Amino acid sequence: MSYLMSNYAPLEVTFIKGQGCYLTNTKGQQYLDALSGVGVVGLGHCHPDITTAIQSQAAELLHTSNWYHIQHQETLAEKLCTLANMDGAFFGNSGAEANEAAIKITRLHAHANNIDNPIILTVKQSFHGRTMATLSATGNPKVQSGFSPLVSEFIHIDFDDIDAVKAYSDNTDVVAVMLEPIQGESGVIVPADDYINQVQSICQTNNWLLILDEVQTGIGRTGKMFAHQYNDITPDILTLAKGLGNGVPIGACLAKGEAAKLLTTGTHGSTFGGNPLVCKTALTVLEVIERDKILKNVSVMSDYLLAGLQALSSDKIIEIRIKGLMIAIQLNQNCAGLLNAALQKHLLINITGNSIRLLPPLILNQNEADIIINTLGELIGEL
Ligand SMILES: Cc1ncc(COP(=O)(O)O)c(C=O)c1O
């Protein structure tokens, strides 16, 4: 019997070691990890620079609390704000906490503008986390089911539909739009090229905040440091987590302009958030991404995977949705069984609806990409 609660249903495998794109199970068998721990270990498992950073920081200082200055936290805030053209950072321990901070900032923005019952427009099929506020923001009834009463004042509109945003222009209670630039959990849904630009322009006209949840798309996943950089815009609030720590728990909420000034002393906090260990690790992640030209590798491998997947020319493949190393292969039939079938072939994938979803490490090489393409070719062929 297990003493764990039943909220997860793990596959029948236990990994005890990782190296690069590979994981090793208790029997010493290797698996190619085409999911990166759900978009987390962008630099691969046990990257030597990350391991060294963690070891040396652990030997120096793990934790002090935020009642004192934390050098690495201040450096990381400056680094992230410089990269994202932002003015201020708050650190928590997860994507949900980064989004909670964003929602709290938005409430403060509303009250500063004398709006008592502020509404945030969020979108259908979005995913923002599992805390009460973030699951309320999430546009997926399955995530919300059983947890009512939800945090109210989120209105879910259609994604990639600019008229749906415009329709609220006269609503004086709306204060923000919150979205993922590319929807991850719902199966890599990529909007029209200028969708985010148009949303931003409506936000600016109405004095609404634009909150971009880049928990999954950020830190190089799409081939830019942040996915919104394809749109050449700067949001008011940007949330990050997953790839930022390469496996250590860290989330960041960055804000620009007035939004960066709203959290004042005592209004928000986190015991562990932004401690020396996680901030040193995140700084090292950013250094390695720059030093090893990881973004370039993401673009090259993205093109390579797309070409290889297209060359499978299976009539079971309806569509391939891809941005950098966020990939979904939509099939013409239910493919839930592929999860275990892939596991038998020592390939870790995710199934979302009728799509195979991949989030391989950003350090993926051609040989590993070939294994993914060939194994998927076999799996789809056997369907
Ligand atoms: C876009 C997005 N936002 C928020 C979250 C929640 O992050 P966490 O599980 O770290 O709380 C996720 C997790 O998958 C995500 O994909």
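Tutor: Buried means under 20% relative accessible area, exposed means over 50%, and partly exposed is in between, with a 1.4 Å probe and protein chains only. This is a predicted model, where local features need pLDDT of at least 70, side-chain atom pairs count only at pLDDT 80 or more, and totals for chains, interfaces and linings use all residues. Residues are numbered from 1 along each chain as its sequence is written, and side-chain values use heavy atoms, without hydrogens and water.

Student: Is Cys 46 buried, exposed or partly exposed?

Tutor: Cys 46 counts as partly exposed, because its relative accessibility is 46%. Its phi is positive, about 50°, although Cys 46 is not a glycine.

Student: New topic. At what angle do α2 and α9 pack?

Tutor: Helix α2 (residues 48-60) and helix α9 (residues 276-291) pack at about 155°, with axes 9 Å apart. Axes are lines fitted to C-alpha atoms, for helices over the stretch in contact, and angles run from 0 to 180 degrees between N-to-C directions. Helices are DSSP runs (H or I, at least four residues), as are strands (E, at least two), numbered from the N terminus.

Student: Which peptide bond is cis?

Tutor: The one joining Ser 148 and Pro 149, with omega about 0°. Pro 149 is in the loop between α6 (141-144) and β6 (154-157).
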